[in-house]
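Hi,

Here is the structure I promised to pass on to you. Have a look at it in your viewer first, and then read on.

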Amino acid sequence: MTVTSNLVQVSKDGEIAVITINNPPVNALSPGVPEGIAEAIEILAADSQVKAAVLMGAGKTFVAGADIKEFGKITSGERRGSELVELLLKMEDCPKPLVAAIHGTAFGGGLELAMAAHYRVANPGAQVGQPEVRLGIIPGAAGTQRLPRLAGVAKAVEMCAEGNPVKAGEALASGILDRLIDGDLRAGAVEFARQIAGKPAPKTRERNEKLGTPEHNAPIFRTARQNARNKQRGMIAPLAAIDAVEAATLMPFEQGCDFERNRFTECLFSEESKALIHVFFGEREVAKIPDVPKETPLLPVRAAAVVGAGTMGGGIAMVFANAGIPVLLAEVDQPALDRGLANIRRNYANSVRKGRLTEQFVHERLKLIQPTLGFDGFSTVDMVVEAVFEGMELKKQVFAELDRVCKPGVILATNTSTLSIDEIARSTSRPEFVIGTHFFSPANVMRLLEIVRGRETSKEVIATCMQLAKKLGKVGVLVGNCRGFVGNRMFGPYRREAQFLVEEGAGIEAVDKALFDFGMAMGPLATGDLAGLDVGWRIRKEYRHLEDPHVRRPFAEDKLCELGRFGQKTGAGWYRYDEQRRAESDPAVPALLKEWTEKAGVPQRVISSDEIVDRCIYALVNEGARILEQGYALRATDIDIIYLYGYGFPSYRGGPMWYADRVGLDKVYNRVCGFHRQFGALWEPAPLLEQLASQGKTFSGFQTGRGVAA
Ligand code: T1G
């Protein structure tokens, strides 16, 4: 039995046909796959020998969904995009029962394919899901219509609106799967098919018993919409997904599919979807380093050590332990070590209380964290992450000691957020093994890991850390060794403008609200209070001698710090905080600002939220352009991913560089020129921004054409 498409093969196991999709790496439903399956269905339907059929994927997974790379052809009108919908009806109407056999993932169109089969079996390790909202779309091949018929309304709404994967056990319990098969999936599925051959093949679209009543469903949809507005603030796709599942409970199947199709198309043409598809491929692209080829040998990381058990050190130790890597946690004295361990236990207890981790998991992980005084045991580890106080002299002492006690070939990483990797590396005899691994606070939660390349850092060390990032559940982005690297270097101008805006008369709440409404997870001033205003204040004092005294600098935060207002940690900063660290406005601050700005002679004016957003976001973009042209980031996408996973930039805007591209670099450039005329040198446009704007080009098209600058 042969099919014309080489992406689909059909074989026979006695009276059972097996259709295998073979489109590596993830069996996406690329052109040729739906057509191949449709052809296979026709062939086996006509073959009297065949009593039933199994549909499965070759390689590591079932089907990861529609081919995302093809979406552009749908929005350009080159492809209809409804091929899948027609195939699913053909599958459902096939006179021979079809069994979908799932391993790895059945996501998006992959689950829709499986739900059009008459039965679904899976390996216990498999996952199913409708993650389309993460691409700014909704299921487009009747997923919102068939899923509630199998799993019930509440489960279907949760899966389609949130997009989280569901493990096989839960999928079986909710009615999506009919059986779990241990061991050889193909053999188990063929055996299952034999058992159901000749029996009536239930069509999912005709199973209405789980669709509930409008009265029963109303609170489900109400809660789901509230959750979507809170958790996926600013996004349209989650709300569209809820509407489509609701349509399934109110309309006949065909009508519900039309409703879904219209909402799907609306979302697919949205800016939100373009941004999130940019993020999807961006997350994968940042792992590719032009001058560090895929086959670069990796160094083993079987055991690690962390120097310093403070907030960052403790969090980093949890990250290694959570990934199953035994980790030494070192401190200078017992009280400091006890404080660090108590912090770790508290963090784990919080995660258990919130249901994110189990007691069992925590118990096992705590066993992997080995407290130690000094550098005892360091001769056995493969990697060390230094997380001591942010001072160059102290870090150099630590690295000199590590150079003495660690065996050859150990990766010596520093968690510094501002200091030069090269200067730290020079305190060792092995600078090629020194690298920056800049975690973000809280390290056991934040997904970003800025990996900082030093001038001598070897490709093996870089490749190993990029790979390790994935194992640690982080998104690793390689950056160059400049002051503040990429994230913090851009954050400086962003927070500078926020302070200037307050000093010029914009209210504290107004500045934070404008950026919050723009989609930032938190306003710039409240973020300062969370991180601690004193962190920046100490760094500014350390670098004061390097600053040009003729250039305007914000003064408000320095003055707040001189009053001991460091933010949440001191109960007061821009806002004041109660015991639960809940913020409230503090009338004392506007009064102080009035006194300070009058003394400094800063004219006060009414400032629009548009100006607030443009000044803060374009400050990011302008500095990002400088970083790109200087080669401290490989691609604009890398900057976008850094801001999404490290600084709470809204994913549905794609990141600061993507956002600027969508606004149009000519508009951004003109706005920056306007600020330059109004506010002076700090707003000098980056040459790359000027160049690309004048050429009508974009940041995403810009290639530095060389490795990350060291
Ligand atoms: N389309 C095109 N390419 C894809 C793809 C897809 N659906 N999924 C993965 N790739 C590429 C990816 O870019 C990478 O390429 C390589 O495959 C390996 O991926 C009709 C409209 C399945 C969990 O959202 O979540 O169906 O970088 O590195 O870590 O209603 O890939 O090597 O060149 O991620 O093992 C819905 C997306 C689509 C799932 C595997 N489906 N994929 O993770 O490998 S919309 C999704 C994933 C849809 C229907 C709608 C993950 C994975 P490269 P990888 P992985």
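This is a predicted model: local features need pLDDT of at least 70, side-chain atom pairs count only at pLDDT 80 or more; totals for chains, interfaces and linings use all residues.

**Around the ligand**

The ligand is surrounded by 30 residues, and the closest are Ala64, Gly109, Glu112, Arg284 and Lys288. By type, this shell divides into 17 nonpolar, five polar and eight charged residues. A backbone N or O atom of Ala66 lies 2.8 Å from a ligand oxygen atom, and for Gly140 a backbone N or O atom lies 2.8 Å from an oxygen atom of the ligand. Taken alone, the ligand exposes 1,000 Å², and the protein buries 78% of that. Two or more residues of the shell come from each of β5 (105-107), α4 (109-116) and α12 (271-285), with α12 giving the largest share, three residues.

**The sheet**

Next, trace the open sheet of eight strands, in the order β12-β11-β10-β13-β14-β15-β16-β17, with mixed pairing. Which strands stand at the edges? They are β12 (369-373) and β17 (475-480); each has a single partner strand, so one side of each is left without a neighbour in the sheet. From one strand to the next, the twist averages 25°. Strands β15 (434-439) and β16 (448-453) run antiparallel and are joined by four bridges; here Thr437 stands opposite Ile451 in β16. Finally, helix α13 (311-322) packs on the sheet, touching β10, β11, β12, β13 and β15.

Enjoy exploring!

Definitions and conventions
Residues are numbered from 1 along each chain as its sequence is written. Side-chain values use heavy atoms; hydrogens and water are left out. A residue is near a molecule or strand if one of its heavy atoms lies within 4 Å of it. A polar contact is a pair of N or O atoms within 3.5 Å; within protein, one must be able to donate a hydrogen and the other to accept it, and residues adjacent in sequence count only if both atoms are side-chain atoms. Accessible areas come from the Shrake-Rupley method with a 1.4 Å probe; for residues, only the protein chains shown count as cover. Ala, Val, Leu, Ile, Met, Phe, Trp, Tyr, Cys and Pro count as nonpolar, Asp, Glu, Lys and Arg as charged, and the others, Gly among them, as polar. Two strands pair if DSSP finds at least two bridges between them. Axes are lines fitted to C-alpha atoms, for helices over the stretch in contact, and angles run from 0 to 180 degrees between N-to-C directions. Contact means heavy atoms within 4.5 Å.
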